[in-house]
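Subject: Structure handover

Hello,

Here is the structure for you to open alongside this message. My notes on it follow below.

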Amino acid sequence: MNQTPLVLSLFLLVLSITANAHNITRILAKHPGFSTFNHYLTVTHLAAEINRRETITVLAIDNAAMATLLDKHLSIPTLKNVLSLHVLVDYFGARKLHQITKGTTLASSMFQATGAAAGTAGYVNITNLKGGKVGFAAEDNDGQLHSFYVKSVQEIPFNISVLQISEALSSADAEAPTAAPSAIDLISIMSKQGCKAFADLLRVSKALPTFKENVDGGLTVFCPTDSAVSGFTSKYKNLTDAQKVSLLLYHGVPVYQSMQMLKSNNGVMNTLATEGANKYDFTVQNDGEDVMLETKVDTASIVGTLIDQDPFVAYKISKVLMPRELFKESEAPAESPKASKKSTKKGKANSEAADAPADGPSSEADDQKAADDNNGVSRLPNGLRLVMVLLSLVMGLLVL
């Protein structure tokens, strides 16, 4: 049987999937009514940031609404903040808008992810109103719904959704004068967004330089809330200075992990404290839309995003992460290694993820399997995984 036509079809399908990563500029170019909005996404460099994300919703406004926004004569950095408020880091298709639990929800925007938004100012309130009407408002706008859903421009479930809303979202925080870009100050970002207690511990610790030197190369920080740190104070005081450093380093991961990556990749994750036989790892486990961090001693959940500015991202978590190297079932402090060096954690992070200590609650086989899953095909985006499956099928047919 001649398999050539089938093989050719599958090959073309593979090429199509590979080539069709979303491009917001091309999507909006098909709709002249959004040409001004499209232009300023490019000018502010937001278009590139939108295109690199796997799951995104763009709240587009037409040329008339953009004209009203431009009448405010905002600087380009400030305009970027305002337009960032119109980009949600979650997927909302037209159908999902009308199926919001309890009729209203807060969605995190790319403005919130920059770390420039104070408190909840970077969140967008979405409310399903009567008669099929859906309202939108910046959370710092006193909940006044002044912009409404018009239509769906294009949806690629669950990758990108472009929805038209009636007018630009108004936010005093986003429209505040914006200074020129500067180096990321992670202590400042933590302090003003509900993680001041953890930031204060890190500020005076020998762990801080390790966090700083990883920001540009890739860093994910899990920052416990102030209330979580407050409840942990007595345990922290009982640790030695070296153990305190290790505990703080345990809350950093030496690679960039977006929320979408965390949601799609369960498994063992090494930390800045990982060194030699001292694993200092935890397991990422998803429960629906919730992301949990399991340490074998306690489990924390991600409750918010402080900043998401690739290659740096910081999340707010519900508990202080307690590593089993320091806290057994009795939560008694144990010996701790020195702070790991950047070269050590990069060179050994993957190979040592499976070397579980003899007294650890999990088996070596379980940890090895989780580490393999975390570093293998399961870490690939859904589209690339499908491409790999189709390529395997093509190769099998060629052999036949």
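A residue is called buried if its relative accessible area is under 20%, exposed if over 50%, and partly exposed in between, with a 1.4 Å probe and protein chains only. By that cut-off, 47% of the 400 residues in the protein are buried. This is a predicted model, in which local features need pLDDT of at least 70 and side-chain atom pairs count only at pLDDT 80 or more, while totals for chains, interfaces and linings use all residues. Residues are numbered from 1 along each chain as its sequence is written, and side-chain values use heavy atoms, with hydrogens and water left out.

The protein has 18 helices and 14 strands. These are DSSP runs numbered from the N terminus: helices are H or I with at least four residues, strands are E with at least two. A contact means heavy atoms within 4.5 Å. Of the contacts in the protein with a separation of 6 or more, 65% are between residues 24 or more positions apart.

Helices

Helix 3 covers residues 35-43, and Phe37, Asn38, Tyr40 and Leu41 are buried in it. These residues lie on the same side of helix 3, because they cover an arc of only 170° around the axis; the arc is that of the directions from the helix axis to the C-beta atoms. The cover over them includes helix 2 (24-29), helix 4 (46-52), strand 1 (56-60), helix 5 (63-70) and helix 6 (76-84). After helix 3 comes His45, which has a positive phi near 70°.

Two of those covering elements, helix 5 and helix 6, have axes that come within 12 Å and cross at roughly 135°. That makes helix 5 oblique to helix 6. Axes here are lines fitted to C-alpha atoms, for helices over the stretch in contact, and angles run from 0 to 180 degrees between N-to-C directions. Under 35 degrees counts as roughly parallel, over 145 as roughly antiparallel, 65 to 115 as roughly perpendicular, and the rest as oblique. At this crossing, Met66, Leu69 and Leu70 of helix 5 meet Leu79, Val82 and Leu83 of helix 6.

Seven strands form an open sheet in the order 9-8-14-13-12-11-10, with mixed pairing. Strand 9 (252-253) and strand 10 (267-269) are at the edges with a single partner strand each, so one side of each has no neighbour in the sheet. Two strands count as paired if DSSP finds at least two bridges between them.

What is the sense of the pairing between strand 8 and strand 14? Strand 8 (residues 219-224) and strand 14 (residues 312-317) are parallel, over six bridges. Thr220 stands opposite Val313 of strand 14, and Val221 has Ala314 as its bridge partner.

Strand 14 is also joined to strand 13 by six bridges, and these two run antiparallel. A hairpin with two residues connects strand 13 to strand 14. In this pairing, Asp308 is the bridge partner of Val313 and Gln309 that of Phe312. Strand 14 is largely enclosed by the rest of the structure, because five of its six residues are buried.

Strand 13 (residues 299-309) is mostly covered as well, with eight of its eleven residues buried. Strand 12 (residues 290-294) pairs with strand 13 in the antiparallel sense over three bridges, and Leu293 stands opposite Ala300. Four residues lie between the two strands of this hairpin, and Lys296 in the turn has a positive phi of about 80°.

Regards
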